[in-house]
Amino acid sequence: MSEHKPVLIIGFDTTKVVVGEPLHPMALDHHIIKIQLLANDELIDEKKLEPNEKPEAEFDTKNLSVGQLHSLKAKAVCNIHGEFES
Ligand SMILES: [Zn+2]
């Protein structure tokens, strides 16, 4: 099962991260609490999520270098199951 795996959708100015295929639940007792974006294994930005929001986040990546863009990774944190990397 890959309901925790974050998937990166890299666009021109922004990068979207969607968690899970099928999407991870966002129930009060089981949800994604945050999504982090990393480049070269360093934290670029993170978004906190609340129950009932979509398990996704959009990040501004227009100021990243080509090298950073090529090394982009995402990390999703589930309140029950912990951390998962793309
Ligand atoms: Zn979970």
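Which residues make up the largest nonpolar core? The core has twelve residues in all: Val-17, Val-18, Val-19, Ile-32, Ile-35, Leu-37, Leu-49, Ala-57, Phe-59, Ala-74, Ala-76 and Cys-78. A nonpolar core is here a set of buried Ala, Val, Leu, Ile, Met, Phe, Trp, Tyr and Cys residues joined through C-beta atoms within 7 Å. Strand S2 (14–19), strand S3 (32–39), strand S5 (56–60) and S6 each supply at least two residues of this core. Strands (E, at least two residues) are DSSP runs, numbered from the N terminus. In soluble globular proteins, nonpolar side chains tend to be buried together.

The model is a predicted one, in which local features need pLDDT of at least 70, side-chain atom pairs count only at pLDDT 80 or more, and totals for chains, interfaces and linings use all residues. Residues are numbered from 1 along each chain as its sequence is written.

Cys-78 counts as buried because it has 20 C-beta neighbours inside 10 Å; the class requires 20 or more other C-beta atoms within 10 Å, while 12 or fewer make a residue exposed and values in between make it partly exposed, with C-beta atoms placed from the backbone. Leaving out residues up to four places away in sequence, Cys-78 touches His-4, His-24 and Ile-32. Contact means that the C-beta atoms of two residues, placed from the backbone, lie within 7 Å. With the same exclusion of residues up to four places away in sequence, Ile-32 touches Val-19, His-24, Met-26, Leu-49, Pro-55, Ala-76, Val-77 and Cys-78. Ile-35 is 43 residues from Cys-78 in sequence, and their C-alpha atoms are 9.3 Å apart.

Cys-78 also has a bridge partner in S7, Gly-82. S6 pairs with strand S7 (residues 82–85) in the antiparallel sense over four bridges, where pairing requires that DSSP find at least two bridges between two strands. The two strands, S6 and S7, form a hairpin with three residues between them.

Pro-22 sits in the loop between S2 and S3, and a cis peptide bond with omega of about 5° joins Glu-21 to Pro-22. In the loop between S3 and strand S4 (42–48) is Asn-40, which is not a glycine but has a positive phi of about 50°. Asn-40 is exposed because 12 other C-beta atoms lie within 10 Å. Asn-52, in the loop between S4 and S5, likewise has a positive phi, near 80°. With 9 C-beta neighbours inside 10 Å, Asn-52 is therefore exposed.
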